[in-house]
Amino acid sequence: MDPNLSCLILFNLICLVACTSENHQHNGSHHYDYCVVGGGPAGLQMGYFLSKAQRNYIILERNSGPGSFFNKYPRHRKLISINKIHTGRQNREFNLRHDWNSLLSDDPNLLFKRVSREFYPPADTFPLYLSMFVKELGLRVLYGVDIGKIRAVQSQTARRYLLTDQHGSHYFCSILLVATGLWVPQTVDFVGSDLVEGYESISTNPEDFKNQAVLILGKGNSAFETAQSILGSASRVHMLSSSPVRLAWQTHYVGDLRAVNNELIDTYQLKSLDGLVESRLEKIVIARKKDNGANVTREELPSHHIDNFPMRKPYDRVIRCLGFRFNFSIFDSSACPPNSENAKGRLPGLTAWYEATDTPGLFVLGTAGHSRDYRASAGGFVHGFRYTVRAVHRVLEQRYHTNNWPSTTLLTTQLQSWILKRVGEASGPYQMFAVLGDLILLRGSDCVYLDEFPLQALPQFSSLSGHTVPSRGLIVVLMQYGKKKIDYLGSNRAETDWTKAWKSNFLHPVLYYYETLPTKDDMKLLPEGWPLPRPKAIHHMVEDFLAEWESPISHIQPLRRFLEHCLQTDLRTFYAESCFRSSLTHHKPPPFCQQGYLKQQGVIHSSELQQHFPTSGLSGWTAGSGEQPATAPWRGAPVAGPGFMCALLLSVLEPLTAAGLHFAEFARRKS
């Protein structure tokens with residue numbers, strides 16, 4: 001055989017094997033318990049929790065690296081998420097209150113500050129951080145997998161989801177976790193909308209807008225970010241939307257206009273050619289000036305005959321900056337979640353535990369799950385949804401693996417200190433105010449403390465958490481702002497009197513006491529501005545300028561009295577002398593004495609105590625007299641005479657460190 005021929009055959013065989021392997025990889029079927037669609041921050045955060053729990057999962061990302069959205073957006077390359085590195089504290093949990101970019105993990109060094117130390121970081125640093133997160137935690141991510149179709153497959157035993165990518169490969173999973181974010185540009189149809197440029201494609205070079213009149217549709221952060229970048233080059237910049245501008249520092253919603261982007265408000269209010277206008281976008285008409293092909297003439301335009309119409313002068317460019325919407329197009333009718341009732345239908349409708357309505361086993365994470373707290377909390381942003389993702393994972397662990405919601409059992413005497421610790425440092429309820437809260441199940445002498453439960457899911461608490469509410473009821477601890485609209489820079493903006501804590505305007509802890517769980521109907525009939533139904537009792541901890549809530553008179557004492565009211569017991573702390581006296585004079589000493597002092601099982605036996613006792617002069621014998629004292633049944637301490645107990649209490653009060661209940665019982669027997 002010709003050696004060249006054999007080489008050709010071998011080459012063809014190698015090519016055939018390689019091509020077959022590639023086709024098998026693309027056209028094969030893959031089976032997982034959990035499929036996470038999207039390799040952005042929410043998808044990776046869920047991947048961390050699934051990996052930690054050793055679940056069978058895969059993260060499917062359509063691009064070549066994690067967080068690809070941030071390779072393009074924001075267009076002008078500066079994040080507005082706070083990266084406050086120096087807080088004066090070493091407490092990791094507290095510092096996450098002011099670190100809006102890091103994801104949650106057990107690695108104390110896996111924080112965003114490793115890639116940037118700027119307060120408002122460059123956008124390019126976020127994909128770098130996410131890549132580091134994936135690599136150091138060993139998360140399972142498949143890149144270059146663009147899921148184009150999702151449908152539900154119902155068998156006789158279970159419902160599964162079938163995902164198909166651009167190569168025709170199939171991915172089967174029992175639980176589908178959608179973390180695709182929002183990336184489809186939001187548009188509005190009106191006459192002339194085809195003449196508008198999109199935020200996603202405009203030039204970011206200010207020189208391209210030199211001496212041009214620009215109209216921007218929208219008044220969110222993307223719109224103001226665009227306006228701010230061209231203020232120095234454009235001749236005038238006008239901004240148009242259906243509602244007035246909303247400032248984040250007034251609404252406490254971080255999705256509203258941030259101060260870092262609001263320079264145009266200065267130039268508007270100081271009359272420097274720029275301005276803000278309100279009108280329904282659906283009603284506007286845009287036409288080219290002197291364009292014979294236009295569908296309308298200038299005289300037919302709205303408000304043409306009003307001689308002081310704000311936008312009567314023509315614009316060189318019109319830019320659409322209306323944000324983004326969820327991509328519903330990849331879902332088959334069998335799996336497509338409904339549109340939410342809020343956010344103008346841009347987001348999927350979800351249950352309080354982030355499961356798509358009427359689509360069991362499909363959960364929506366991250367920014368796409370923001371419909372649950374739209375304009376109410378921080379669930380659409382990394383510093384908020386890192387906690388809602390953790391809450392969803394806890395729901396999954398209970399539902400599919402019978403692992404109860406993590407909890408801590410505390411003595412009632414420890415409860416006050418634990419609450420003060422949580423409100424002083426916990427980052428989850430602090431960021432997801434009025435959405436995630438801590439639950440305390442009251443059981444008498446002890447209680448069960450659960451962190452960061454979705455408050456709107458309280459009616460389903462038992463099925464979601466695996467815990468039951470005891471007959472004594474429960475307390476919900478959450479953070480919330482005041483309900484009044486005030487001037488947040490005015491002279492009377494803060495409440496400092498603890499007796500008027502319910503008038504607090506800024507973020508502060510609130511405790512709700514319920515004898516039974518709120519029902520579904522209760523959750524539908526909330527009082528205006530309330531995150532929860534009316535409780536049996538409520539307690540506001542007065543707002544604190546330092547956000548520490550640790551002042552003895554203003555914060556701690558009112559909290560203790562509220563807890564005493566709910567628990568119907570005394571939660572004060574006592575010195576040893578008071579506990580001993582109470583043990584002798586009361587049928588039931590206070591819980592602090594029962595759970596601490598009286599658990600020490602009597603007087604601590606020590607040589608110091610034995611040496612002190614004979615010299616007290618009250619025992620009926622003296623050292624060196626040759627007489628031996630009787631031996632008590634409690635640890636061999638000497639006893640003589642019925643007055644022994646009183647004498648011992650008076651003479652050794654200082655070295656006495658603990659006493660037991662049998663100590664008092666023995667005194668009664670001897671007398």
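Colleague: Which residues line the second largest cavity?

Modeller: Its lining is made up of Arg97, Arg422, Val423, Ala426, Pro429, Tyr430, Asp438, Val477, Leu478 and Met479. This is a predicted model, where local features need pLDDT of at least 70, side-chain atom pairs count only at pLDDT 80 or more, and totals for chains, interfaces and linings use all residues. Residues are numbered from 1 along each chain as its sequence is written, and side-chain values use heavy atoms, with hydrogens and water left out.

Colleague: What counts as a cavity or a pocket here?

Modeller: On a 1 Å grid over the protein atoms alone, a cavity is a set of points where a 1.4 Å probe fits but cannot get out, while a pocket is an open set with protein on both sides within 12 Å along at least five of seven lines; lining residues have an atom within 4 Å of a point.

Colleague: How many cavities of 30 Å³ or more are there?

Modeller: The count is 3. The second largest cavity holds about 60 Å³, a volume being the space filled by probe spheres set on the points, joined across faces, edges and corners.

Colleague: And which element gives the largest share of that cavity's lining?

Modeller: β18, with 3 residues.

Note on methods:
Helices (H or I, at least four residues) and strands (E, at least two) are DSSP runs, numbered from the N terminus.
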